[in-house]
Amino acid sequence: MISISHITLTVRDLEHSSEFYKKIFQAKEIYSSGENTFSIAKEKFFLIGEIWLCLMQGEQTIPRTYNHIAFQIKESDLNTYAAKIKQAGAEIKPTRPRIPGEGRSIYFYDLDNHLFELHTGTLQERLAAYSTHNNM
């Protein structure tokens with residue numbers, strides 16, 4: 001069996017990005033390398049739910065693309081997250097066109113152009129919506 005172990009994102013300002021992820025995702029910091037570099041750079045580990053996220057100090061600037069990481073949220077939490085994202089100063093992108101039943105989303109960039117989606121639907125709901133739409 002294969003599963004995702006962790007996600008590593010390179011960020012220019014480790015401390016500032018750490019605060020951003022704590023505010024938006026309620027990320028729990030579980031490790032900070034400090035000045036030690038057991039890997040290739042300073043890093044911090046977080047848990048977002050049960051997902052291990054690693055932020056690593058680096059100078060890499062990435063272009064904005066549609067490549068993204070999506071987290072599932074409750075429909076009732078959509079406005080709360082939108083407010084947190086705006087308060088953190090992140091840019092919220094207009095959502096893409098949707099068909100009824102596939103859920104709603106908030107798309108936003110972090111401080112280093114990583115695109116995230118907060119999505120209210122499930123895989124099963126999206127497949128059902130697509131199937132219904134195809135049969136129209």
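In this predicted model, four strands form an open sheet of mixed pairing in the order β1-β4-β3-β2. Strands are DSSP runs of E with at least two residues, helices are runs of H or I with at least four, and both are numbered from the N terminus. Two strands count as paired if DSSP finds at least two bridges between them. β1 and β2 stand at the edges with a single partner strand each, so one side of each is left without a neighbour in the sheet. Neighbouring strands of this sheet are turned by 25 degrees against each other on average, direction ignored; axes are lines fitted to C-alpha atoms, for helices over the stretch in contact, and angles run from 0 to 180 degrees between N-to-C directions. Within the sheet, β3 and β4 pair in the antiparallel sense over 6 bridges, and K44 stands opposite L55 in β4.

Residues are numbered from 1 along each chain as its sequence is written.

β5 (residues 68–72) runs parallel to β8 and is joined to β8 by 5 bridges; the bridge partner of H68 in β8 is L115. β7 (residues 105–109) is antiparallel to β8, again with 5 bridges, and Y109 has L115 as its bridge partner in β8. β6 and β7 are antiparallel and joined by 3 bridges, with E91 partnered by Y109 in β7.

Strand β8 (residues 115–119) is mostly covered, with 5 of its 5 residues buried; buried means under 20% relative accessible area, exposed over 50%, and partly exposed in between (1.4 Å probe, protein chains only). In a regular strand the side chains alternate between the two faces of the sheet. In β8, L115, E117 and H119 lie on one side and F116 and L118 on the other, and all are buried.

The largest nonpolar core has 24 residues, of which Y21, F25, L53, L55, I106, F108 and L118 touch the most other members. Such a core is a set of buried Ala, Val, Leu, Ile, Met, Phe, Trp, Tyr and Cys residues joined through side-chain atoms within 4.5 Å. Elements giving two or more residues to this core include β1 (7–11), α1 (14–25), β4 (51–57) and β8. The largest share, 5 residues, comes from α1. The contacts of L55 (heavy atoms within 4.5 Å) include L9, Y21 and F46, residues up to four places away in sequence not being counted.

Most residues other than glycine have a negative phi. Q26, in the loop between α1 and β2 (28–32), has a positive phi of about 55 degrees although it is not a glycine. Q26 is partly exposed, with a relative accessible area of 39%. N113, also not a glycine, has a positive phi of about 70 degrees and is found in the loop between β7 and β8. That hairpin has 5 residues between the strands.

Conventions:
This is a predicted model: local features need pLDDT of at least 70, side-chain atom pairs count only at pLDDT 80 or more; totals for chains, interfaces and linings use all residues. Side-chain values use heavy atoms; hydrogens and water are left out.
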